[in-house]
Amino acid sequence: MAADTSHHLIYLDNNATTRPLPEVLEVMQRHFADSFANPGSRHAAGRAARKVLEASRESIAQILGASPEELIFTSGGTESINLAIRGLVGTNPGTIALPHGEHPATLEASRALQRRGWKLHFLDIDSEGRLVEDQLPHLPWEDLQLVSVMLAHNETGVIQDLGSLAALCQQHRVPLHVDAVQAAGKIPVDFHVLGVDAMSIGAHKFNGPRGIGGLLIKAERTLNPLIFGGHQEAERRPGTEPVALIAGMAAALEAFDADPTSRFQQLQQLRDRLQAGLRERCSPVIVNGSQQHRLPNTLNIAFPGLEGDPLLIALDLEGIACSLGSACASGSSEPAPVLVAMNCPNEVLDCSIRFSVGVGNTEAEMDDAIGRIAGVVNRMRDNCSL
Ligand code: PLP
């Protein structure tokens, strides 16, 4: 008898977090056991752990187009972003520029400074979610202490072209921080080529472990630490380094780097199959954000006529794991700020769902997901029109 797979869970929430790859688990298990010593200890066991730590640092930095001294390990994306924002601004209040609809880590770190006297200057994005270029020469450059921009958006997957912003920041000597948490491990990212001063990443978004991330920071930039303690990470982020997690993060990024083109194509094919299937079976639908400049795995799609919360619940009951707005904002039924900033109409704000595919997904799962989603959407639409 054929197995009943109708309620096999289809995980389409990879922008919230990803499942660690088997080789990542294997590497971590090995290093939890073998490299348990404190990498700061001077005995042989400590030196062995440090060797693993520094080899991982070199590998991650090299893949991201940076030098090893430029990489500081942190606990994840949120900490890296807080360290960049609070560590790069001066001691006297000035202005911080950030686009509308940034991740809460950036927004709230900036708001915390705003409460202490800093001004926030919000950058406009267009209806495709891309930064409006015309505004850039007219930023309050004289008072700017920092610009922070997401490279690829967690909700829409929209990728920014940072060339002119980076050039202007360099010209005005204003540090530019890039939140590359969603970009790293999905598209090639090169710190030096981007021409930015700081860049945040987090391992659990690219099939690495949770609890570890990194901040890349140009050597010439002074960074004020958030916390104080030992000499680790050149005193910019003290605390004993979690060697096994760091080795797991390196293994995850190496798995991407082994064949970034194949990874990109695999994710894109899965996402495009899902998008085409939903267009065909659930019309009308509206795909949000630029389709040309978009992460290969992300589909943010509106189902006009429906409400987001009940749809999300119904999809969950059908075994589809996806997200309404971002996971960080779940619990609130406010429309995703980025969609508001993109001037999306109410029917989009009322019911946009984010599907984000991952390396573990298959074409058969996409077909299965299309059938389940279409069933739910069409049933709910029929009920609305009764
Ligand atoms: N920045 C972006 C773009 C993200 O998607 C996330 C995670 O949702 C973060 C920052 C924060 O990362 P973490 O929750 O791992 O600290």
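Predicted model: local features only at pLDDT ≥ 70, side-chain atom pairs only at ≥ 80, totals over all residues.

User: Let's start with the ligand. Which residues come nearest to it?

Analyst: Thr-78, Asp-179, Gln-182, His-204 and Lys-205 come nearest, out of 12 residues around the ligand. By class, that shell has 4 nonpolar, 6 polar and 2 charged residues.

User: Which helix gives the most to the shell around the ligand?

Analyst: Helix α3, residues 77-88, with 3 residues.

User: How do you know that the length of α3 agrees with its number of residues?

Analyst: Compare two values. At 1.5 Å a residue, the 12 residues of α3 should span 16 Å. The C-alpha atoms at its ends are 16 Å apart, so the two agree.

User: Why is α3 called largely enclosed?

Analyst: Because 10 of its 12 residues are buried. Buried means under 20% relative accessible area. Among the buried residues of α3 are Gly-77, Glu-79, Ser-80 and Leu-88.

User: Where is Gly-94, and is it buried or exposed?

Analyst: Gly-94 sits in the loop between α3 and β3 (95-99). Its relative accessible area is 4%, which is under 20%, so Gly-94 is buried. The C-alpha atom of Gly-94 is 5.6 Å from that of Asp-143, although the two residues are 49 apart along the chain.

User: Now the cysteines. How many disulfides are there?

Analyst: The count comes to 0 disulfides. Take Cys-282: the nearest cysteine sulfur belongs to Cys-351 and is 11 Å away. A disulfide needs two cysteine sulfur atoms within 2.5 Å, so Cys-282 is in none.

User: Why are Cys-282 and Cys-169 called buried?

Analyst: The cut-off is under 20% relative accessible area. Cys-282 has 0%, so it counts as buried. Cys-169 has 1%, so it is buried by the same rule.

User: What makes the backbone at Arg-173 stand out?

Analyst: Arg-173 has a positive phi of about 55 degrees, although it is not a glycine. Most residues other than glycine have a negative phi. Arg-173 is in the loop between α5 (163-171) and β6 (176-179). At 71% relative accessibility it is over 50%, so Arg-173 counts as exposed.

User: What is the phi of Asn-343, and where does this residue lie?

Analyst: Its phi is positive, about 65 degrees, and Asn-343 is not a glycine either. Asn-343 lies in the loop between α10 (337-341) and α11 (346-350). Its relative accessible area of 68% is over 50%, so Asn-343 is exposed.

User: Last one. Is the peptide bond from Ser-283 to Pro-284 cis or trans?

Analyst: It is cis, with omega near 5 degrees. Most peptide bonds are trans. Pro-284 is in the loop between α8 (260-281) and β9 (286-287).

Technical notes: Residues numbered from 1 in each chain as written. Heavy atoms only, no water. Buried < 20%, exposed > 50% of the residue type's maximum accessible area, 1.4 Å probe, protein only. Near = heavy atom within 4 Å. Helix = DSSP H or I, 4+ residues; strand = E, 2+ residues; numbered from the N terminus. Nonpolar A, V, L, I, M, F, W, Y, C, P; charged D, E, K, R; others polar. Expected span 1.5 Å × (residues − 1).
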